[in-house]
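Trainee: Before we discuss anything in detail, could you show me the model and then take me through how its features are read?

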Amino acid sequence: MTDTITSPTTTREAVLAAAKRMLAEGLVEGTSGNISGRLPDGLVCLSPSSVPYDTMTLEDLVVVDLDGAVVEGERSPTTEKDLHLAALRRYPELGSVIHTHAVYATMFALAHEAIPAVIEEVVVYVGGDVPCCDYKGTGSVELGEEVAGHLADRGAALLANHGLVTCGATPEKALHTRRAHRQDRVGGSGHGRHDPPAAGQGELGHGGRLPLRARQLLTEESGRPTAK
Ligand SMILES: [Zn+2]
């Protein structure tokens, strides 16, 4: 038996607002990174390819179907669209995916090293450590499927030699999952550190891994207080 899941949806305005916040918070620069949001009609709103965030408008956003065919918009969707569509196809409880080249997370990705779950907030929003996916070519269908496979029980994954993907029910929640990664700054490079206990492991009772249904419940809970 599987639960019937009503997918969370968002708006073009919310996608654009989150894109602007990604720039304001220094998670992206220029035209790097990209964002998606599932719309009420089942289509997906994607950020465009090669448009700077500071001048991006609603008209620049591109609407595609789950297979990537453009339904609306004058521009081309992000060349990394498969990162988004593979996850949104596979996990109906997700409504948004964000991809950035955030510096500290990318350092872990370059080292092919998972970011350990040493801050409780990360366990709440990510579900445990942030795994590093196997290397696949940027923008490839294979990369999309590889990353989606790692998001089954996590809110985030690292792309080897590349960057970070986070996901959530809405663009704002996907962005918050990214914010939880302040630990990739305070947690150090992963070298010379004390081996941390996996934060929250005992409470979760799944060896730090969240079953899909549990993640769904977490991402539905927008007002959850964050660990200080
Ligand atoms: Zn990228």
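Mentor: Let us begin with contact, a term that applies to two residues whose C-beta atoms, placed from the backbone, lie within 7 Å. Please keep in mind that this is a predicted model, in which local features need pLDDT of at least 70 and side-chain atom pairs count only at pLDDT 80 or more, while totals for chains, interfaces and linings use all residues. Residues are numbered from 1 along each chain as its sequence is written.

Trainee: With that meaning of contact, which residues does Val28 touch, leaving aside its neighbours within four places in sequence?

Mentor: Val28 is in contact with Met22, Leu23, Gly33, Tyr53, Thr100 and His101 once those neighbours are left aside. Helices (H or I, at least four residues) and strands (E, at least two) are DSSP runs numbered from the N terminus, and in these terms Val28 is found in the loop between helix H1 (12-24) and strand S1. The C-alpha atoms of Val28 and His99 are separated by 9.1 Å, although these residues are 71 apart along the chain.

Trainee: Is Val28 buried or exposed?

Mentor: A residue is buried if 20 or more other C-beta atoms lie within 10 Å of its own, exposed if 12 or fewer, and partly exposed in between, the C-beta atoms being placed from the backbone. Val28 is buried, because 24 other C-beta atoms lie within 10 Å. Ile35, which lies in strand S1, also counts as buried, with 27 C-beta neighbours inside 10 Å. Not counting residues up to four places away in sequence, Ile35 touches Val15, Ala18, Ala19, Met22, Ser47, Ile98 and Pro171, and the C-alpha atoms of Ile35 and Cys45, 10 residues apart in sequence, are 8.3 Å apart in space.

Trainee: How do I read the chain as a whole, and how many helices and strands does it have?

Mentor: The protein chain has nine helices and eight strands, and 43% of its 228 residues count as buried. Among contacts between residues at least 6 apart in sequence, 67% join residues at least 24 apart.

Trainee: Which residues touch the most other members of the largest nonpolar core?

Mentor: In soluble globular proteins, nonpolar side chains tend to be buried together. A nonpolar core is a set of buried Ala, Val, Leu, Ile, Met, Phe, Trp, Tyr and Cys residues joined through C-beta atoms within 7 Å. The largest one here has 53 residues, of which Met22, Ala87, Val97, Val147, Ala157, Leu158 and Val165 touch the most other members. For Val165, with neighbours within four places in sequence left aside, the contacts are Leu83, Val97, His99, Val147, Ala156, Ala157 and Leu159.

Trainee: How should I describe the packing of H2 against H5?

Mentor: Two packed helices are described by the angle between their axes and the distance between the axes. Axes are lines fitted to C-alpha atoms, for helices over the stretch in contact, and angles run from 0 to 180 degrees between N-to-C directions. Helix H2 (residues 81-90) and helix H5 (residues 141-150) pack at an angle of about 45 degrees, with their axes 8 Å apart. That makes H2 oblique to H5, given that angles under 35 degrees count as roughly parallel, over 145 as roughly antiparallel, 65 to 115 as roughly perpendicular and the rest as oblique.

Trainee: Which residues of H2 and H5 meet?

Mentor: From H2 they are Asp82, Leu83, Leu85, Ala86, Ala87 and Arg90, and from H5 they are Val141, Leu143, Gly144, Glu145, Val147 and Ala148.

Trainee: Why is H2 described as largely enclosed by the rest of the structure?

Mentor: Eight of the 10 residues of H2 are buried, so this helix is largely enclosed. The cover over its buried residues includes strand S1 (34-38), S2, S3, strand S5 (96-100), H5 and strand S8 (163-168).

Trainee: What should I look for in the phi values of Ser50 and Asn161?

Mentor: Most residues other than glycine have a negative phi, and most peptide bonds are trans. Ser50, however, has a positive phi near 60 degrees, and Asn161 has a positive phi of about 60 degrees although it is not a glycine. Ser50 is in the loop between S2 and S3 and is exposed, with 10 other C-beta atoms within 10 Å. Asn161 lies in the loop between strand S7 (156-159) and S8 and counts as partly exposed, with 14 C-beta neighbours inside 10 Å.
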